Amino acid sequence: MRSAPGIRSGMATGLLIAFLLAVTGVAPARAQTVLPDSTVVLRTPTKKPKGALWRSAAVPGWGQIYNKQYIKLPFVYGALGFLTYQAVASHDEYILYRQAFQYKAWQELVDSGSAEVNPKAYFKASYDRIAAQFGTVSSRPLSSQRNIFRRSRDLSLVGVGLVYGLAMLDAFVSAHLLDFDVGEDLSVRASPAADGIRLSVRFRLGASE
């Protein structure tokens with residue numbers, strides 16, 4: 001009857017993928033100072049991972065602000081906002097179709113003579129809203145749509161929790177990576193091997209003379 005849940009689910013999936021790319025694709029370089037004798041002195045960490053974690057747990061995005069990774073904020077708030085909107089919209093549609101189904105299912109029993117009275121007659125307004133748009137509808141498609149919107153709502157809520165957790169994890173890990181050396185003294189090489197791909201990491205502790 002409606003394709004809105006599928007469209008919103010596709011948009012939510014795309015937004016979630018974009019969020020994952022955003023939170024995993026930004027790794028700041030380690031702060032370092034080069035002295036005249038070419039000795040590399042690493043600075044002490046400026047951000048506490050636990051501090052970033054608790055801030056992100058208290059308020060979504062606060063951990064990213066603490067790490068000064070403002071570019072990630074649109075993805076955090078965009079994903080959470082869209083998934084929350086989808087959960088609310090799907091819940092409203094679920095309630096509408098649940099009430100319409102209950103009315104129509106009992107009304108079909110009354111019309112067939114299996115029941116004398118419809119105990120859900122007060123849900124007739126919900127059924128009329130749907131019938132005004134799609135015409136007369138039996139209880140079976142109403143039940144199917146009810147289940148679709150309920151599943152969409154539940155998946156959206158799971159997505160909210162997932163994004164919230166990923167934002168916390170990103171803030172915690174990024175606070176560690178703020179002092180991780182990804183400069184010229186660190187190199188990663190991938191080469192083919194008999195059983196797959198071999199990765200080798202090479203780094204220098206100090207510059208050569």
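**Close-up views of a predicted model**

**View 1. Helices H4 and H6 cross at roughly 160°.** The axes of helix H4 (residues 73–111) and helix H6 (residues 139–177) come within 7 Å. Here, helices are DSSP runs of H or I with at least four residues, strands are E runs of at least two, and both are numbered from the N terminus. An axis is a line fitted to C-alpha atoms, for helices over the stretch in contact, and angles run from 0 to 180 degrees between N-to-C directions. H4 and H6 are therefore roughly antiparallel to each other. That label applies over 145 degrees, while under 35 counts as roughly parallel, 65 to 115 as roughly perpendicular, and the rest as oblique. The crossing of H4 and H6 is left-handed, meaning that the near helix is turned anticlockwise from the far one by less than a right angle (clockwise would be right-handed). Sorted by class, 17 nonpolar, ten polar and seven charged residues make up the contact of H4 with H6. For these classes, Ala, Val, Leu, Ile, Met, Phe, Trp, Tyr, Cys and Pro are nonpolar, Asp, Glu, Lys and Arg are charged, and the others, Gly among them, are polar.

This is a predicted model, with residues numbered from 1 along each chain as its sequence is written. Local features need pLDDT of at least 70 and side-chain atom pairs count only at pLDDT 80 or more, totals for chains, interfaces and linings use all residues, and side-chain values use heavy atoms, with hydrogens and water left out.

**View 2. The whole protein has six helices and four strands.** Starting at the N terminus, the elements go α-β-β-α-α-α-α-α-β-β. There are 209 residues, and 32% of them count as buried. Buried means under 20% relative accessible area, exposed means over 50%, and partly exposed is in between (1.4 Å probe, protein chains only). If you take the contacts between residues at least 6 apart in sequence, 66% join residues at least 24 apart; a contact means heavy atoms within 4.5 Å.

**View 3. Helices H4 and H5 are therefore roughly perpendicular to each other.** Their axes come within 7 Å and cross at roughly 100°. On the H4 side, the contact is made by Leu96, Tyr97, Gln99, Ala100, Tyr103 and Lys104. H5 brings in Lys124, Ser126, Tyr127, Arg129, Ile130 and Phe134. By class, that comes to seven nonpolar, two polar and three charged residues.

**View 4. The largest nonpolar core has twelve residues.** A nonpolar core is a set of buried Ala, Val, Leu, Ile, Met, Phe, Trp, Tyr and Cys residues joined through side-chain atoms within 4.5 Å. Look for Tyr94, Leu96, Tyr97, Ala100, Phe101, Tyr103, Phe123, Tyr127, Ile130, Val137, Leu142 and Phe149. H4, helix H5 (124–134) and H6 are the elements that give two or more residues to this core, and H4 gives the most, with six. Another core lies apart from this one; it has six residues, among them Leu80, Leu83, Val163 and Ala167.

**View 5. Helices H2 and H6 cross at roughly 160°.** Their axes come within 8 Å. H2 and H6 are therefore roughly antiparallel to each other, and their crossing is right-handed. From H2, the contact uses Pro49, Lys50, Ala52, Leu53, Ser56, Ala57 and Ala58. H6 answers with Tyr164, Ala167, Met168, Ala171, Phe172, Ala175 and His176. The class count for the contact of H2 with H6 is eleven nonpolar, two polar and one charged.

**View 6. Tryptophan 54 sits in helix H2, and valine 59 in the loop between helix H2 (49–58) and helix H3 (62–66).** Tryptophan 54 is exposed, with a relative accessible area of 62%. Valine 59 counts as partly exposed, at 40% relative accessibility. Now find methionine 168: tryptophan 54 is 114 residues from it in sequence but 7.9 Å from it in space, C-alpha to C-alpha.

**View 7. Serine 174 is in helix H6, and lysine 68 in the loop between H3 and H4.** Serine 174 counts as buried, at 3% relative accessibility. Leaving aside neighbours within four places in sequence, serine 174 is in contact with Asn67, Gln69 and Lys72. Lysine 68 is exposed, with a relative accessible area of 57%. Its backbone is worth a look too: phi of lysine 68 is near 60°, a positive value in a residue other than glycine.
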